[in-house]
Structures are given as structure tokens and as C-alpha cells.
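Student: I'd like to go through this model and ask where the labels come from. Could you set each value against its cut-off?

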Amino acid sequence: MDFAQTVHDRRSVLGWSTAELARRAGLSEEEVEAIEESGVEPTPELVERLATALEAGPDPAPRR
């Protein structure tokens, strides 16, 4: 599965808008949209930032 689809799917599972993910990741909504449209090359820093924001680690279940 590609990075863009993974980000989109995880955000959808959490029930978040692109604006919510942007807020949590410290990105603009336009940046999140570009990521989900495969318009951004995922750097290690971006992957880490999004993984943290999306609460995705070894156990990808949302934290309560």
C-alpha cells in the first residue's frame, strides 16, 4: 500500500477531516491534501510527524 493511501485510510478510520489531521501534525490542510493525493515525497521526518499525529505505532489502535 502506498504512503498516500495509508495516510488517507488511517485518517478515515479515526474519523478526522484533513483539517484535523493538519492541526495535529502541524501542517496546513493543503499539505495534507497534497500528501493524500501522492503529491509529496515522504521524508523520514514527515513520516514520523504523521505517524505520531495519526497515533500509528506498533499498535495502530486510537488512543483514548
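Student: What makes the pattern along the sequence α-α-α-α?

Tutor: Helices here are DSSP runs of H or I with at least four residues, strands are E runs of at least two, and both are numbered from the N terminus. The protein has four helices and zero strands, and reading along the sequence gives α-α-α-α. Keep in mind that this is a predicted model, where local features need pLDDT of at least 70 and side-chain atom pairs count only at pLDDT 80 or more, while totals for chains, interfaces and linings use all residues. Residues are numbered from 1 along each chain as its sequence is written, and side-chain values use heavy atoms, with hydrogens and water left out.

Student: What does Arg11 touch?

Tutor: Contact means heavy atoms within 4.5 Å. Leaving out residues up to four places away in sequence, Arg11 touches Trp16, Ser17, Thr18, Leu21, Glu36 and Leu54. Arg11 and Leu54 are 43 residues apart along the chain, yet their C-alpha atoms are separated by 6.8 Å.

Student: How do you know whether Glu36 is buried or exposed?

Tutor: Same test. Its relative accessible area is 17%, so Glu36 is buried. Glu36 lies in helix H3 and touches Ala4, Val7, His8, Arg11, Thr18 and Leu21, again not counting residues up to four places away in sequence.

Student: What makes a set of residues a nonpolar core?

Tutor: The set has to be buried Ala, Val, Leu, Ile, Met, Phe, Trp, Tyr and Cys residues joined through side-chain atoms within 4.5 Å. The largest such core here has 13 residues, and those with the most contacts inside it are Val7, Leu21, Ala25, Leu27, Ile35, Leu50 and Leu54. Helices H1 (3-14), H2 (18-25), H3 (29-36) and H4 (44-53) each give two or more residues to this core. Take Val7: beyond four places away in sequence, it touches Leu21, Ile35, Glu36, Leu50 and Leu54.

Student: Why are H2 and H3 called roughly perpendicular?

Tutor: Axes are lines fitted to C-alpha atoms, for helices over the stretch in contact, and angles run from 0 to 180 degrees between N-to-C directions. Under 35 degrees counts as roughly parallel, over 145 as roughly antiparallel, 65 to 115 as roughly perpendicular and the rest as oblique. H2 and H3 pack at about 110°, with their axes 8 Å apart, and are therefore roughly perpendicular to each other. Thr18, Ala19, Leu21 and Ala22 of H2 make the contact with Glu29, Val32, Glu33 and Glu36 of H3.

Student: What about Ser38, is it buried, exposed or partly exposed, and where is it found?

Tutor: At 47% relative accessible area, Ser38 is partly exposed. It's found in the loop between H3 and H4, and it has a positive phi of about 65° although it is not a glycine.

Student: And what makes Glu55 count as buried or exposed?

Tutor: Its relative accessibility is 12%, so Glu55 counts as buried. Glu55 lies in the segment after H4, and its phi is near 55°, a positive value in a residue other than glycine.

Note on methods: Buried < 20%, exposed > 50% of the residue type's maximum accessible area, 1.4 Å probe, protein only.
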